[in-house]
Structure formats: structure tokens, C-alpha cells
Amino acid sequence: MPGKQGSPGAEDAAPTLPSVRPPCDRLPCNKSSVCSRSYFVVVMVFFHIYIINVIALLLYVHYNSGQDEASSRGRDAAGSGHQRPASGSESPKPDVSLTRIEGIRVGHVHKVSLVPGRVHEMRTLSLKPLLFEIPEFLSEHECRVVIQLAQLKGLMESQLMVQDGQEELAKELNLSPDEIFNLLDINQDGQLQLHEILTHSRVRDGIWLTPENLREVYDGLKADKDNNGLLSLEEFRLLSSDAFQRFLMQRGVKRSQLVRNSRHTWLYQGKGAHQVLQDIKERVTRLTRLPPTLVDLSEPLQVVRYEEGGHYHAHQDSGPVYPETACTHTRLAANASTPFETSCRYITVLFYLNSVEGGGETAFPVADNRTYDEVSLIHNDVDLLDTRRNCNKSNLRVKPTKGTAVFWYNYLSDGRGWVGEQDEYALHGGCVVTRGTKWIANKWINIDPDYQRQVRYQQLVSQNPEDEEDEGLMLDPDVEGSDIHQDL
């Protein structure tokens, strides 16, 4: 009956199987909706394939970038910010990419093989500058031989009482008082502060003035008219270029007032030199992992003696290199004359030849500082550069222990295998010796940041093999009273 047919309850009660109806009769969805399980599976398969392709693409890009970087390093390993020579040119064929040891972290210990049958420990002391310490680098016998050879040759004063040649340089540059003032005014505030004048006097005259000394000079010269501790351009114009120097010489200068107070000599390490000296050079080559040619053509070994009261105020072993600056060791290959020279000491290796009874530490005032600010080195009459007064305020001090070597990089890497900018954190000095005597030796590795100039120099030396045996074309440091191996 129609009534029963329209009654859903009657149909549910019947023991017959339900009629088969299309899915959309059972589910409240439109035919256009995605409600098929098989369709969902297909979509997920395509999604996973897409993800796999993306990952493969990223791996491909990463791999190719690594290959490009490696090939770029191969092309650029021969230079530094300058055009590298193409293959087939006359440039040296050996690997000229400079190996640079990683510090990892302060306190990290490298195991290094420097002599047959023995392993040395090399400890990272700081990352700025990159500084390492190697205990027992030299034996007691080697320390004694180096000292005896230095005594046999004779030591000279490391610094004359007054530096010569400054007036000639000023005349050659033809600088006016206004230009000199602007050069000294580091922060460009129109006034010369105490630390700006101190820096100038120390570099120019080699005399270590303290803020108190400078105020006495101001009073003696009546330079500071308004007595505010600053020199204006007008006040500076009234002073002659050598006014400070003349005043100080009239007063008399003590050795303790010099930038450094020590005696030194040079020991050549080429063919025919004492076997100990040759062994040390070979060990330095292994330590620094640099091409032997670069070590051979660098400065001789410098040996220094500090008596009680001796010191060396904080300084850089090498200066920044600008386009108008020539490196001392490659100046013959520079093909240009310039009044500015620096020693271009890429690496310093310092050896302690004895253990000092008191004082004599090597201080690094700003090692591992977060930032470097030259102006803040002298603040509130506290001079971090002063190793006679403020060594205890340095961030790092290395105690002199017989046989120990420390070495650091004076320049950063240019990122392409050659010498980059000067590392300002390499500032260091010798604390005053309070008791006993201090003997050290320095081995500097000279490398010109201008790669092409370094190549020309090496080619020039290779054409004169007899000069190469005497460690390159460097002049004798004692000739004509000029120290060609600059003691900065």
C-alpha cells in the first residue's frame, strides 16, 4: 500500500537486503567533490615525488656550488685581491695558496710532528689574533747555542735615543701644518687630544711619553694656550715640526722612556749557517706549513736580550699595506719609488731562550676583544700600550718559559688563499723585566700582500741564486746605520 511504501520503518523491519545505491545516494556530496580514496592516493604520490625532486635539486645546487668554490680557489690561490696569473704564465708553479692553521677554539690542542719521532702539542691561546703556543719547541741545547752565537756576533742597541730621517721624510712629502694636523686628528673633531699626540710622538720620535709627560711638554712650550689639554689647529700652527723633539732632547731622555729598551742582533740561517739555526728554520717551515721558499726568503733570525728594566711597549710587527706602500723585502721588485715602507711580516714566531725570574711576559692587550678601537687604548690616563705600567691590564699574557715558542698571524686571510688586511688584534708588547735577564728570538715570515709583486721578487731572486743563499736580496741590517729589518 502507498502508506507502507512511504514508511521507512516498515522497510527497515523487512528481512530483505538493502538495495544497492550509487555512492552519492549514501553520502551527502556532489559528484564534483573529491571524495574518492583512489584519487587521494594519487595526489599523495605526486606530492611525494615533488618533495623528492626539490630535495634532489637542493643537493645538486649545493654540490655544484662546492665544485665552483673549489675551482675558484684553485684559480685564485695564486693571488690576493689582485689579478692571478693564468696557467702557463711565468709565475711559480708550486702551491702558493697559503696554508692557514685553524684555531678551532681557545684551549684547543693540535698534535703536530715537527721533528722525527716526536709529537708536539700546539695550544690555541686566542682567535683574535690567531695565536698558538708550542712548549718545548727548542731544546735546552738549542737555546744555549742561539744565545752563544748572538753573543759571539755582538748585540747592538735596538733603538737609538732619537729616530733620524723624520725631517727629510716630512720635506719629501711636503705636508703643510694643516695637513699634518688633519693626519693626527684621528676622530676628526678639530682638536688634538692627548692620545693622538702621544701616538704621533711615539711613532715619530721613538720616545714613550705618558699623559703626564705630555702635559709637562705643553707647559714648557706654552703650547696649550687655553689650558684645556687639547691642541686646536691655531695652537698647532704655532709649533715647529720638531718642537717636541727639541724640547725632549734638551730635557734629556732616559732609556726607560724609549719605545723599546733592549739589545739585538741577526743570525742568518742560510747555507753554511750553524746546523742549529738551519734546524730551527726547517722546524718553522713545518710548523707554519708554508712553502719553504717563502721561509727561506724571509728575514734572518733576530735574537734579543732584555736586561732588568728592559721592555718593549705594545706595537704591531707589521704595518698595513696601502697602494702607495712598499714591502721592505720586495721593494726591489716594486718598480716604483715610495717614501712608505713596511716589513710585511705575515707570521711571527717568537722563541723564549730562557725562563725569566720576574716579569718579561709577552702581552696582548686586546686579544679576543669583541671590537677594536684605537682611541680606547688610552682612556682616563690608563694606557693599554704601556708595558711598564699596565701589563696586568692586558687581556692575555704569555709567561716566558725556556724552549717554548708562540706564533701568530699579523694579517688576516683574503679568503682566496693569500694575505689579507692587517689583524689589528695582533697588537703585543714585552712587559718590563723586573728581575733577571730575558732572551728571546724572533723568526718572521715576510710575504707581500700584493701577489704579483711577491712573484716578481721571487723571480728576481731565482735569477741570482748566489743571493738566495744569503736569504734573498735583503740588505745587511747594519749597513749605513739603517735597519732594513724594521723593528716596529
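This is a predicted model: local features need pLDDT of at least 70, side-chain atom pairs count only at pLDDT 80 or more; totals for chains, interfaces and linings use all residues.
**Exercise 1.** Work out in which order the five strands of the open sheet run, and find which are the edge strands.

*Solution.* Start with the order: the five strands run 7-10-22-15-18, with antiparallel pairing. Next, look for strands that pair on one side only: these are strand 7 (260-261) and strand 18 (396-398), the edge strands. Now zoom in on one edge. Strand 7 pairs with strand 10 (residues 311-315) over two bridges, in the antiparallel sense.

**Exercise 2.** Describe the hairpin of strand 20 and strand 21, and say which residue takes a positive phi.

*Solution.* First the pairing: strand 20 (residues 411-413) and strand 21 (residues 419-422) are antiparallel, joined over two bridges. Then the turn: five residues sit between the strands, and Gly415 is the one with a positive phi, near 85°.

**Exercise 3.** Find the disulfides, give their handedness, and say which parts of the chain they link.

*Solution.* The structure has two of them. Take Cys327 and Cys344, whose sulfur atoms are 1.8 Å apart. The torsion about their S-S bond is about -75°, so this disulfide is left-handed. It links distant parts of the chain, with Cys327 in strand 11 (residues 325-327) and Cys344 in the loop between strand 12 (340-342) and strand 13 (345-352), 17 residues apart.

Move on to Cys391 and Cys431, joined with an S to S distance of 1.9 Å. At -95° about the S-S bond, this link is left-handed too. Cys391 is in the loop between strand 17 (382-383) and strand 18, while Cys431 is in the loop between strand 22 (428-430) and strand 23 (433-435), so the pair ties together parts 40 residues apart in sequence. Counting bonded cysteines along the chain, you get the pattern 1-2, 3-4.

**Exercise 4.** Decide whether Glu299 and Leu58 are buried or exposed, and place each one.

*Solution.* Glu299 first: look in the loop between helix 13 (292-296) and strand 9 (301-306). Its relative accessible area is 2%; the cut-off for buried is under 20%, so Glu299 is buried. Its side chain has a polar contact with the side chain of Arg345, at 2.8 Å.

Leu58 lies in helix 4 (residues 37-76). With 57% relative accessibility against a cut-off of over 50%, Leu58 is exposed. Leu58 also belongs to a nonpolar surface patch with Met44, Phe47, Tyr50, Ile51, Val54 and Ile55, and together they have about 650 Å² of accessible area.

Terms used: Residues are numbered from 1 along each chain as its sequence is written. Side-chain values use heavy atoms; hydrogens and water are left out. Two strands pair if DSSP finds at least two bridges between them. Helices (H or I, at least four residues) and strands (E, at least two) are DSSP runs, numbered from the N terminus. Patches are made of residues with over 30% relative accessible area and no salt bridge: like charges are joined within 9 Å, nonpolar side chains (Val, Leu, Ile, Met, Phe, Trp, Tyr) within 5 Å. Accessible areas come from the Shrake-Rupley method with a 1.4 Å probe; for residues, only the protein chains shown count as cover. A salt bridge is a side-chain nitrogen of Lys or Arg within 4 Å of a carboxyl oxygen of Asp or Glu. Buried means under 20% relative accessible area, exposed over 50%, partly exposed in between (1.4 Å probe, protein chains only). A polar contact is a pair of N or O atoms within 3.5 Å; within protein, one must be able to donate a hydrogen and the other to accept it, and residues adjacent in sequence count only if both atoms are side-chain atoms. A disulfide is a pair of cysteine sulfur atoms within 2.5 Å.
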